[in-house]
Amino acid sequence: MDKSKSMTQGNGTGNVPRPKFALPFLLCCATLCAAVPEDVPELLTAFNGEKIASREQWESTRAPELLEEFTREEYGRRPVERPESLSFEAAEPDRTVMDGKALRKRIRVKYAGPYGKGSFSFTAFIPRQSAPAPVFLLVCGRDPEEKHDPDRMLRKGFWPTDEIVGRGYATIAFCTRDISPDRQHGRTLGVFPVFEDVEKQYRAKDGWGMLSAWAWGASRVMDWIETEKLLDAKHVAVVGQSRGGKTALVAGVYDKRFAMACSNDSGCSGAKLNHIDLPKSEHVANIVRTFQYWFCLNYTMHANKEREWRVDQHEFIALMAPRLVCIASASEDAWAGPEGEWWAAKLASPAWELYGLNGLVSTGFPPPETPQQEGCISYHLRTGKHALTPYDWKCYMDFADRHGWRSPR
Ligand code: GTR
């Protein structure tokens, strides 16, 4: 039996059980298998061989060609960015919560396109303070009952609203399934049939996949943030875990209004480098077998050939430069490939250097609970499993603090 296949069988819900390995075995694998990556596509050499030595060359030549490559081959083209018909309304009356420390808003985003209309809601917790609050926007790819929790009945660590507000940040969450359900036939629902004739037209090979659609949702929340005087639209971080972590990177790369992207345990097709030997980690062949609909159709062509492709994921992270990026891994998350995530962060760094900034300041893959946060890329490894925890949030907020998001600017 094909071993990789057994690891990625769907359970009909869009969620796939992650393969289970014992911790000592995984740590041993990570140490033994993660050799220094070889033949990694060169970030600062354009496809025509031109060396990229300045910020101007990066912005005029290299960044656009990389963006075009990732769009055409991996995440797909959007039929629309901000739709002409877009409006916001209160989904519920505002409420004071957290013993008077925060205002809770529930907002409905309504949009329309050539083939119909759609809507989704999000929840915002805004600290009561005089200055506009910087924001952490969570792309929630989990069940809302379990993780999103607009009524704060469960108080899960996945979205620790009280802690975030307690540190002076506003936080907003929306559920990806409200943009489009996370399943193969989700393309006939949510945002897709509003902007495409999904019944009559064949899906274009480079047409947007679901990660791009979810990230589009994050940008529509950003549209609202720009209208809200209680919020500081210049300091908004988009955060996500796993499929949400891939989405957070896509959101940040395609929408420069996001000042920071936090990609937690995003792994394959997110922050993990493909040019690294981590046999227990997910590969393109695994991901397209189960989650083809997350990507454009062209991406399937790279299954088992990702190392022959002229780009790798560090170059996608580099498209965030000169803005802030947080990459995070968990020690027991071999499927996401922690060392591959660290290497991608490291190899993306030269893009920041073109701006006279540091990317990831690090001498090597760190031990757990030792965040590397001196440059514009933050990396941390957390002890434990595939999750988003208060410790991860603490690292993200520490990093934003370091960059003056809360102090007088
Ligand atoms: C896995 C998938 C990963 C990751 C994860 C998740 O099954 O293979 O790429 O996205 O789901 O979202 O938890």
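Biologist: Fine. What should I know about the model?

Modeller: This is a predicted model, where local features need pLDDT of at least 70, side-chain atom pairs count only at pLDDT 80 or more, and totals for chains, interfaces and linings use all residues. Residues are numbered from 1 along each chain as its sequence is written, and side-chain values use heavy atoms, with hydrogens and water left out.

Biologist: OK, how many residues surround the ligand?

Modeller: Twelve, and the closest are Arg 142, Ser 242, Arg 243, Lys 246 and Glu 282.

Biologist: How far is a ligand oxygen from the side chain of Arg 142?

Modeller: 2.7 Å, to an N or O atom of Arg 142. For Lys 246 the distance is 2.8 Å, and a polar side-chain atom of Trp 335 lies 3.1 Å from a ligand oxygen.

Biologist: How much of the ligand does the protein cover?

Modeller: 95% of the 320 Å² of accessible area that the ligand has on its own (Shrake-Rupley method, 1.4 Å probe).

Biologist: Switching to rings: which residue lies over the face of Trp 216?

Modeller: Arg 220, at 5.1 Å from the ring centre. The test is NZ of Lys or CZ of Arg within 6 Å of the ring centre and within 35 degrees of the ring normal.

How values were computed:
A residue is near a molecule or strand if one of its heavy atoms lies within 4 Å of it. A polar contact is a pair of N or O atoms within 3.5 Å; within protein, one must be able to donate a hydrogen and the other to accept it, and residues adjacent in sequence count only if both atoms are side-chain atoms.
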